[in-house]
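This report describes side-chain contacts in one protein structure.

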Amino acid sequence: MDISLKKFGLFVNKSFPFEQITVFYGGNESGKTTVFDAIVSSLIKVSGTTVYGKRINARYQKDKSVQSSLPAYSISAPSFLHTHAIREGNIQFNLDEDKNKNEVVQIIQNSLFDTGFDPKKLKEKCLESSEKTGTKKSAKNYKQLKESLDKAESHFQRIDAERINSIKEWSSLPEKETKKQNLEEELKKIEESLEQTNTRYEVLEKKENHSFFDRLYASILIWEDKSKMISGLKKLLESDSETFLTSSEKKLTELSFEIKSLKNQSEEKEKKITSLGLEKQEADKKLNSIFALEPMAGSFEKRLDEILSATILKTQIVWQIPYVIVSLGVFLAGFMISIFSVQDGFSVSPLFVGGLLLVAAGVFVFFRFGKNIDVEKDEESLKTRIQSLSEELILQSKNAIRPILNTKEGIREALKEYSNSLVLERNQIQIKEDSLILEKNLLAEVLQQLRKLQNESEDIKTATEEILKKSNTSSIEEYKEKIRSAKSIITEFSDLDLRLSQTAKEYQTLSIEELKLRTKDKLINFEKENIPKDFSSEEKNEKSNLKSTIESQKQKKDLKSKEVHELQYSLASLVATSTERLNRILKEWEKASTDLNQVKNDFDEIELNFRAYQNLANVFSEMDQNSDNQMQVLIESVGKRWNELLSGNELRKLEWDDIAKKPSSFDKRNELRDFENLSTGTQELLSFALRLEYAKRMSSEEKIPWILLDEPFRHMDEARVGSAVNYCLDFLRREEWNGVFFTFDPGLVKTIQENAKSKNLDCILHELT
């Protein structure tokens, strides 16, 4: 919830948000009272006829503006302020200040309690007396009075409207007379300005006509000149030379591109033939150099065959170790036997002979089986001869034939590669010769096609030159330009002829020649009148603006003339109005006003009575049926609130036995003292409890959960302020009401904030400066 003061007192475009506890803190002249009045104006509709409404209008003027999201309630300003606002110096609930005190007391004493104090019957009687619908006497009276009020208000509004209109008409007579004179002066000025504008417009129009006919005459002369040459131009366009030249130009461009392409091809072919010729010469030289080695290669191959076919033998003794050992063993055995047999003397004995045989056998085996003589080819000699042949081949061929290995296989492989290269070179030469012949044939074809295209190009150029010569032009572009010029001239002539023919029709002439004569006559007349033929663009714009100005001035003149006539008629009607009618209306208005005030007073009185009955019914509904004293329940309720405000050692009994009287209370010495004789702080504390109880009861019908407190604890000490704040916040939390505090005391602000925090109540502080 919030309130926005667009313009209210010293606040302009100022907004204030609200919580359940809202505190406005600031010194004097900081705007607390202004905010208080703005909140009241937002919660209820303040009538300007009430004392509070008049005070608000006088203080903040009538153009005040407040926007609020707070709910609005249908309750009068006095009732709201008396019930829901507790302000400094006005905290006590004082029935003496209630203008309806006597009526309320009389209702209670004379109407309600004459049957005895029975809360249920009292409640029923109050409700019966406050019914606005149904068949009861109170409802019939209320309905009858409401109808009378509606009828009186309708009659008064009608008479008041007639009175206001009549007074306005009579009071506006001098003003309308002055206005009529002013309008007539304005109309005269408009007419004079319109006349001047028309005069200037006519001058410009004559200049424009002179300029137009001058241009028209010049156009007719141009038409005559072009009509003489138009036939020759048409003949030029009728020939198809333009089409031929266009196609021949395109064809020449294509032929030029093809000729250039063929020339490039011939040049490339000639370069390629030259390149192939040089390559063939090089190949021939290489073949000749390779071919020169062919006899030598044959001779070396023949020599290799001869070396391989010749037999070179080598002898080698191979000892047979086993036979040598056996033969030596047998030899030694025989020798030892022979020596042993002759130890006793030489004699040929069998043992000696056997020893000799063994020696002979050992020698025979040694020489017969002890060695073998092998005969084989001499590979080293053969290898040396082949290596020498390979080196000789490399030397004589000048490294052209070079075996990879100095073996027979290497020589044969080198000779085979030589033979293959000779065949390859011969094949390459044949391929190059064939390519050379092919390129020469292709070159011949390209040159033949080139000569054909060149001849075709020359034929087209010859035909083109003949056409250009006939048309007295030197190039195709010049010829085309001449054709375009001819077309343009013919088009311009056609347009000019069409415009002049239309102009001739507009001026009702039979031909352009007749139009020429009439135009010439007009130009002579313009010159006689000394009207210049120059008509600038500025004058053209001026003429256009003048035309718009003339139209605008004519409209103004018509409107002003109409306004003057209407005002003259109004004045005549007003003067003819009878003063007797105005006096009659004024008398009727006075009577209707008196009747309306009387009905309003009667209606307000019954509304007040109904509200009093309803409030009393709510009070009696809370009272206990068995109470002996008609005030006991109310006193107990107020006493409960009163005791909640005091500490334990300050509890005091409350005495109050009549609503028309003021309450009394016992002091610390247990002496009963009248309300006026209590201390100021005690009076305010008791009145505060009574005001909250009263507000709770009185708002049971309207259900207005708001209480505004403007410095309510001014005369209380710190302890009583804390007790009052604690009780007040408990009351707001219990009843779910919104409390708005206004104070300049920082201590009170702190106490409110601490209590709100301890009770988990949302609290917001606005500091006003």
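This is a predicted model: local features need pLDDT of at least 70, side-chain atom pairs count only at pLDDT 80 or more; totals for chains, interfaces and linings use all residues.

Side chains of opposite charge can pair when their charged atoms come close. The count for this structure comes to 18 salt bridges. One of them joins Lys 269 and Glu 439, whose closest N and O atoms are 3.4 Å apart.

Another salt bridge is formed by Lys 591 and Asp 595, with 3.1 Å between the closest N and O atoms. Because these residues are four positions apart in helix H17 (residues 579-621), about one helical turn separates Lys 591 from Asp 595. Lys 591 is exposed, its relative accessible area being 56%. Asp 595, at 35% relative accessibility, counts as partly exposed. Elsewhere, salt bridges with shared partners connect Lys 269, Lys 272 and Glu 439 in one network.

## Aromatic pairs

The whole structure contains 14 aromatic pairs. In one of these, Phe 156 and Trp 589 adopt a tilted arrangement, with 5.9 Å from centre to centre and 40 degrees between the planes. The pair bridges distant parts of the chain: Phe 156 is in helix H6 (residues 137-171) and Trp 589 in helix H17, 433 residues apart. Phe 156 is at 17% relative accessibility, so this residue counts as buried. Trp 589, in contrast, is partly exposed, with a relative accessible area of 23%.

A further pair consists of Phe 212 and Phe 213, whose ring centres are 5.3 Å apart; because their planes stand at 70 degrees, the pair is edge-to-face. Phe 212 is partly exposed at a relative accessible area of 31%, whereas Phe 213 is buried at 6%.

## An aromatic cluster and a charge over a ring

Which residues form one aromatic cluster? The members are Phe 11, Phe 16, Phe 18, Phe 24, Phe 36, Trp 706 and Phe 742.

A contact between a charge and a ring is found at Arg 303, where the charged end of the side chain sits over the ring of Phe 300. The distance from this charged end to the ring centre is 5.1 Å.

## Cysteines

How many disulfides does the count give? The count comes to zero. For a disulfide to be counted, two cysteine sulfur atoms would have to lie within 2.5 Å.

Cys 728 has 0% relative accessibility and so counts as buried. Cys 763 has a relative accessible area of 29% and is therefore partly exposed.

How values were computed:
Residues are numbered from 1 along each chain as its sequence is written. Side-chain values use heavy atoms; hydrogens and water are left out. Buried means under 20% relative accessible area, exposed over 50%, partly exposed in between (1.4 Å probe, protein chains only). A salt bridge is a side-chain nitrogen of Lys or Arg within 4 Å of a carboxyl oxygen of Asp or Glu. Helices (H or I, at least four residues) and strands (E, at least two) are DSSP runs, numbered from the N terminus. Rings of Phe, Tyr and Trp (its six-membered ring) pair if their centres lie within 6.5 Å; planes under 30 degrees apart count as stacked, over 60 as edge-to-face and the rest as tilted. A charge sits over a ring if NZ of Lys or CZ of Arg is within 6 Å of the ring centre and within 35 degrees of the ring normal.
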